[in-house]
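Welcome! Please take a moment with the protein shown here before reading on.

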Amino acid sequence: MFGLFKRKKQKNGNDKVRIISQAKEVNIRKNENFKEERYCPQCHSKLVLRNGMYGEFYGCSNFPNCRYTESVEPYVDSSIHAETIYFYNHLNILSGKRECFSCKKKTTVSGLVLIEGETINENGDEVDILSWHGYDMYILPWSEIFEKLPNEIQRMIQMKYQIKKKYSKVLKQKHYANVCEHRGCLQGDNYIYFDTGHGSPFDPDSKEFLRLEKISINTPFNLDVELLETISPRVYYGKRIKY
């Protein structure tokens, strides 16, 4: 293109070449900025833009081995909060349907849920789920808490829900998780609990009905969990529960 201007020797050819060169340089700079790679400060893996329950955010590509995130929206400010939850007479399990990535049939996925107004810590103080989490219910993935549950509780849950210990190619190890009720394939955590915009019933914009079940327990117990504290718009799962 530059040669074309030179060969024609137009009156302001040098000016045109200069303008095109400047435009090309600007486009290159824009393209470089767009492709600029961001890295996780914890494990140095690449950060990727994801769409999760609070909208867009930057997440570590080494997830779930690394759970570092950076907010995109100004109202999101998250950190990890350790808490010991006391269960004294029942467990709450929230479930819904999603399409299995393998067989494309609807299958049930679930999680242990902490409910606003019903959750207390080991000191007997109420845990204010809504204020620091932004949701009326906090869903705990099975991979994080299942093996911490008493054996009796594990058996009770597995009698009602398809939760099995399967090998994860991402984690490169076995862990408990939801599996397809048709083929038994691992559903994985990410698209169910975190990057929920891929058909998860736990996505804030999902129209899928949710089911809340209370499972009675005979022996109280404590459960150590790590919760994501987030300042966000209020989201109410309770409005979508169908009994």
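This report looks at confidence, strands, salt bridges and cysteines, in that order.

Residues are numbered from 1 along each chain as its sequence is written, and side-chain values use heavy atoms, with hydrogens and water left out.

The score pLDDT is the predictor's confidence in each residue, from 0 to 100. For the protein chain the mean pLDDT is 81, and 79% of the residues reach 70 or more. Helices (H or I, at least four residues) and strands (E, at least two) are DSSP runs, numbered from the N terminus.

Residues 1-11 keep a pLDDT under 50, and the model gives them ten contacts (heavy atoms within 4.5 Å) beyond four places in sequence. The pLDDT is also below 50 over residues 19-35, a stretch with five contacts beyond near neighbours in sequence. Where pLDDT is low, the predicted coordinates should not be read in detail.

Is E6 mostly covered or mostly uncovered? E6 is mostly covered, with eight of its ten residues buried. Here buried means under 20% relative accessible area, exposed means over 50%, and partly exposed lies in between (1.4 Å probe, protein chains only).

Two strands pair if DSSP finds at least two bridges between them. E5 and E6 run antiparallel and are joined by seven bridges. They form a hairpin with six residues between them, and Lys-104 in the turn has a positive phi of about 70°. Across this pair, Lys-97 stands opposite Thr-108 in E6. E6 also pairs with strand E8 (residues 137-140), again in the antiparallel sense, over four bridges. There, Leu-114 has Tyr-138 of E8 as its bridge partner.

**Salt bridges**

How many salt bridges does the structure hold? It holds six, where a salt bridge is a side-chain nitrogen of Lys or Arg within 4 Å of a carboxyl oxygen of Asp or Glu. The table shows some of them.

| Lys or Arg | Asp or Glu | Closest N and O atoms |
|---|---|---|
| Lys-97 | Glu-181 | 3.5 Å |
| Lys-106 | Glu-208 | 3.1 Å |
| Arg-211 | Glu-213 | 3.5 Å |

The salt bridge between Lys-97 and Glu-181 links distant parts of the chain: Lys-97 lies in strand E5 (residues 90-99) and Glu-181 in the loop between strand E10 (173-178) and helix H6 (190-194), 84 residues apart. Lys-97 is partly exposed at 30% relative accessibility, and Glu-181 is partly exposed at 36%.

Lys-106 forms its salt bridge with Glu-208, and this pair, too, links distant parts of the chain: Lys-106 is in E6 and Glu-208 in the loop between H6 and strand E11 (211-216), 102 residues apart. Lys-106 counts as partly exposed at 47%, as does Glu-208 at 24%.

Arg-211 is partly exposed at 43%, whereas Glu-213 is buried at 13%.

**Cysteines**

The structure holds zero disulfides, a disulfide being a pair of cysteine sulfur atoms within 2.5 Å. For Cys-40, the nearest cysteine sulfur is that of Cys-66, 3.7 Å away. Cys-40 is buried, with a relative accessible area of 1%. Cys-103 is in no disulfide either, and the sulfur of Cys-180, its nearest, is 3.7 Å away. Cys-103 counts as buried at 14% relative accessibility.

Definitions and conventions. This is a predicted model: local features need pLDDT of at least 70, side-chain atom pairs count only at pLDDT 80 or more; totals for chains, interfaces and linings use all residues.
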